[in-house]
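Okay, everyone, let's get the structure up on the screen. I'll talk through a sheet and then a helix.

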Amino acid sequence: MSRHIVHIDMDAFFAAIEQRDRSELRGKPVVVGADPLGGRGRGVVSTCSYEARKYGIHSAMPISRAYQLCPGAEFQPVRMGRYARESARILRILEQFTPLIEKVSIDEAFLDISGSAHLFGGPQNACRRMKRVIFEETELTASIGLASSKLLAKIASDYRKPDGFTCIAEAGQLRFLWRLPIGKLWGVGKKTEEVLHVMGIQSIGQIARADPALLNRELGRAGTHLYQLAWGIDPRGIETGTEPKSISRELTYSRDVLKDECRETDLLRLCEDVVARLRAQHYKGKTVSLKIRLEGFRTYTRTCTMNASTNFVDTVYAAVRRLYRGFDAGGRKIRLLGVRLSEFVPEEEKDFLFHGCREERQEQMHRAVEQIRARYGSGAIQRARLLSRENSEL
Ligand code: TTP
Ligand code: MG
């Protein structure tokens, strides 16, 4: 029996939420990302509305460039907590259709509806209903692809965007696939694309007709894999319950700063932010990474794996500070700092063996802070060290 795999991707997700929440933004070019500071801003675009895309603006573009392209756009700061809540709401809706869900990113998921589609009048009706319920409950539009594999479902959801629904019937799937440019194939990035172009290969159909031995010689195992994908061979299943792989937060300075000028309190703020999100998802992390981008965009990452996984700010901060102090910037200035946590394990409820032990006090402290913030807002309680906000860019 063939599988019915769905890929769903929300349209202009962050920007669509801003437009929904503020009616004055609807129909306008909206850019979500760093502050453009009148064209001097140094961060990047997270995403933008489809109205803004007409000006050539896109994700990951420097915000200063976006400002040049459309100075009249509505520039909005990133409200990650809000988007994460919407993402969770959408996931709840998807769970009404099947428990076989693989969340890929904040606005993207795969579903296997092979076993449940009949409950909704077949796979196509299930997808139409999914779009409708999402829109009714969130006022946000999704683009959906339905096919017999993850590869094709993902290509399908991207095929008609925004607010699209594309179903690729199994009988015509290779014809559909072969017309597309190689960039649409899973795993074909800029480098692979270049190699294939040198080989005279532009379309997925040309990969399917190429000599697999030649592909293997030029691209190694990836070549063999691409050949299989080009023939629609993609047996990957839905991986449910995948845990997030990492949580990170970055800070771009508005002017490059010397290492000694970077306040370690900035690192502490970054740690507080990632640990807060880690705890909200009930995980502990074992690996801490520090990212440092120097002037001229050279980027370095320093990583340390701790003895035990943790969800305490102080432990994470101590590790980050050690990495930071051990980093030799060679006199060059720093443009960006980032903190990332990875290698998660679910936090388990703990009976502290010894009452009053340091670990128990830390946990109580975190919980007290979380309760206050939940009730009175994130600014309601701060570490004394972080109270002076001058020079702070977070
Ligand atoms: P995408 O699904 O790639 O983009 P999108 O939903 O904004 O637009 P569409 O799918 O209609 O093309 O990413 C989902 C969200 O993730 C996006 O709204 C913002 C965030 N994001 C970033 O913050 N930085 C990035 O570089 C990208 C690609 C996305
Ligand atoms: Mg999207």
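So, strand β2, residues 30-33, is joined to β4 by three bridges, and the two run parallel. One of the partners: Val32 bridges to Gln76 in β4. For pairing, DSSP has to find at least two bridges between two strands, and the elements are DSSP runs numbered from the N terminus, with helices being H or I of at least four residues and strands E of at least two.

Quick caveat: this is a predicted model, where local features need pLDDT of at least 70, side-chain atom pairs count only at pLDDT 80 or more, and totals for chains, interfaces and linings use all residues. Residues are numbered from 1 along each chain as written, chains are lettered from A and ligands numbered from 1 in written order, and side-chain values use heavy atoms, without hydrogens or water.

Zooming out, the sheet is open, three strands ordered β3-β2-β4, with mixed pairing. β3 (45-48) and β4 (74-76) are the edges, each pairing on one side only. Strand to strand, the twist averages 25°.

Now the helix, α12. Residues 264-280 make 17 residues, reaching 24 Å from first C-alpha to last, close to the 24 Å expected, which is 1.5 Å times one less than the residue count. Is α12 enclosed or open? Largely enclosed by the rest of the structure, because twelve of its 17 residues are buried, meaning under 20% relative accessible area with a 1.4 Å probe, protein chains only. Among them are Leu267, Cys271 and Leu278. After α12 comes His282, with a positive phi near 60°.

Notes: Buried means under 20% relative accessible area, exposed over 50%, partly exposed in between (1.4 Å probe, protein chains only). Axes are lines fitted to C-alpha atoms, for helices over the stretch in contact, and angles run from 0 to 180 degrees between N-to-C directions.
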